[in-house]
Amino acid sequence: MKVDVLLGLQWGDEGKGKIVDVLSSQYDIICRFQGGPNAGHTIECKGQKFILHTIPSGILNANTLNIIGNGVVIDPFILQKEIHMLAEKAGIEVMDNLLISKRSHLILPTHRLLDAVQEASKGEGKIGSTLKGIGPAYTDRTARHGIRSGEVLHKGFMDKYNDLKRSHLQIINTYKIDLQNITIDGYTFSAYEELWLASLDTFKKLKQIDVEFFIQEQLKADKRVLAEGAQGTLLDIDFGAYPFVTSSNTIAAGVCTGLGIPPSLVGEIYGIAKAYATRVGNGPFPTELLDETGNKLRKNGHEFGSTTGRPRRCGWLDLPALRYAIMLNGVTRLIVTKTDVLNDFETIQVCTNYERDGQWIDYLPFDYSHVTPKFRTHQGWNCNLNGISQAEKLPQALQNYLQMIEHETGVPIYMVSTGPDRNQIIALRN
Ligand code: GDP
Ligand code: IMO
Ligand code: MG
């Protein structure tokens with residue numbers, strides 16, 4: 001057995017949570033391998049809506065085990081809130097079905113402060129971080145003074161915590177920013193720190209494992225494993241539009257380092273793309289629509305961040321960017337989501353290539369902040385997709401749109417999503 005991978009091909013929020021939930025019945029184990037609570041993965045089923053930040057999206061399936069891999073950064077307080085939310089809303093005992101890697105790193109309250117002061121100091125140039133402390137936590141991991149989940153159980157944990165906190169506060173004091181003006185999710189720093197430290201009681205009760213051994217043993221026992229990506233390929237630390245990126249490798253390669261598996265154990269790669277494009281936060285977005293059409297996409301698609309509530313920037317599907325993402329990940333199966341958002345568009349535009357310095361290019365270049373997209377017009381389907389459950393029943397214009405995507409990318413579309421609910425999914429292939 002191999003580890004299949006599911007990840008976003010755009011700038012995040014492609015509908016990964018929904019699709020993982022749909023696929024989870026085919027898997028024994030779902031693992032997050034990178035990112036942290038900057039993610040917001042939404043699952044809608046039986047009239048309920050769940051937004052997961054740290055816990056893998058297999059948690060609603062009672063038969064699926066969920067793992068938080070070593071590549072993830074965890075805020076124990078946010079994780080505790082998710083555990084409580086799932087218990088209250090759906091009676092799910094998360095502790096029974098969740099394992100965490102001893103090697104995953106902790107996001108401290110002072111990482112959140114650092115994120116806030118660093119962003120504030122950038123002014124116009126700010127990244128638009130989710131302010132969850134992601135950048136500072138990964139910085140400490142790479143600089144080799146972070147704290148791993150396994151260390152919470154060590155005797156010297158509080159000393160290590162206080163040392164790191166002290167060094168963070170020294171850095172924070174060099175920014176000429178009044179700390180009184182900075183809150184963390186509405187709490188003062190000391191109130192947040194108190195809640196965070198209290199949440200360690202729950203955190204210590206989680207089952208901690210050596211993920212690298214565990215997953216390989218499970219594969220040998222014929223268990224089916226799916227790795228769930230967070231963020232999107234175009235936010236990758238190496239291949240995104242740096243510095244407007246997140247701090248982890250969001251691409252398929254991240255699965256190997258984020259779970260401790262060799263490349264030879266990676267199987268299918270599911271790539272998720274919306275039928276159009278969105279981006280939260282700053283940075284280049286060639287097909288962005290700053291007009292009524294963009295507003296209509298936002299309204300139809302309820303394009304507001306699952307983690308921060310910020311309005312998402314909206315635009316047309318960008319084929320050069322999609323091809324780049326598919327190339328980096330080696331996508332074997334495409335899944336197109338949010339097709340229903342385009343239901344009432346007479347025509348749909350698709351970016352086929354860009355103009356840069358008077359020349360036409362059909363790939364995503366190193367710096368794409370000044371490219372001009374060239375669009376091709378496609379016929380809209382102008383109808384509601386509710387109630388359609390078979391591929392052949394999809395309107396012809398939508399079938400043509402999907403065939404065009406397959407033709408342009410060279411990758412077969414495996415499933416199409418026609419609404420937020422678990423049941424609004426159509427298989428195109430087996
Ligand atoms: P993720 O971060 O990739 O898991 O995506 P998010 O959950 O942040 O954002 C996707 C949003 O679109 C969520 O509100 C989903 O409930 C919703 N969604 C997912 N698939 C579809 C779809 O096919 N149609 C519509 N209208 N909404 C969808
Ligand atoms: P999911 O998993 C969309 C964006 C932020 C910002 C940049 C850096 O729900 O798809 P960070 O907090 O990581 O330092 O922010 O990345 N970003 C996301 N955008 N979906 C996400 O996750 C994101 N996680 C981070 O908006 O532009
Ligand atoms: Mg999201």
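**View 1. Strand E11 in the predicted model, residues 266–274**. Of the nine residues in strand E11, seven are buried, so the strand is largely enclosed by the rest of the structure. Burial here refers to a relative accessible area under 20%. In a regular strand, side chains alternate between the two faces of the sheet.

**View 2. Pairing of E11 with strand E1**. Strand E1 covers residues 3–8 and runs parallel to E11, with five bridges between the two. Val3 is placed opposite Val266 of E11.

**View 3. Pairing of E11 with strand E15**. Strand E15, residues 333–337, also pairs with E11 in the parallel sense, and five bridges join them. Ala273 has Val336 of E15 as its bridge partner.

**View 4. Residues around ligand 2**. There are 21 residues around this ligand, and those that come nearest are Lys16, His41, Thr130, Gln231 and Thr246. The space that ligand 2 takes is the largest pocket.

**View 5. Polar contacts of ligand 2 with Asp13, Thr246 and Arg310**. At Asp13 a polar backbone atom is 2.8 Å from an oxygen atom of the ligand. At Thr246 an N or O atom of the side chain is 2.6 Å from a ligand oxygen atom. For Arg310, the distance from a polar side-chain atom to an oxygen atom of ligand 2 is 2.9 Å. On its own, ligand 2 has 550 Å² of accessible area, of which the protein covers 97%.

Notes
Residues are numbered from 1 along each chain as its sequence is written. Chains are lettered from A and ligands numbered from 1 in the order in which they are written. This is a predicted model: local features need pLDDT of at least 70, side-chain atom pairs count only at pLDDT 80 or more; totals for chains, interfaces and linings use all residues. Side-chain values use heavy atoms; hydrogens and water are left out. Buried means under 20% relative accessible area, exposed over 50%, partly exposed in between (1.4 Å probe, protein chains only). Helices (H or I, at least four residues) and strands (E, at least two) are DSSP runs, numbered from the N terminus. Two strands pair if DSSP finds at least two bridges between them. A residue is near a molecule or strand if one of its heavy atoms lies within 4 Å of it. A polar contact is a pair of N or O atoms within 3.5 Å; within protein, one must be able to donate a hydrogen and the other to accept it, and residues adjacent in sequence count only if both atoms are side-chain atoms. Accessible areas come from the Shrake-Rupley method with a 1.4 Å probe; for residues, only the protein chains shown count as cover. On a 1 Å grid over the protein atoms alone, a cavity is a set of points where a 1.4 Å probe fits but cannot get out, and a pocket is an open set with protein on both sides within 12 Å along at least five of seven lines; lining residues have an atom within 4 Å of a point. A molecule sits in a cavity or pocket if more than half of its atoms lie within 2 Å of its grid points.
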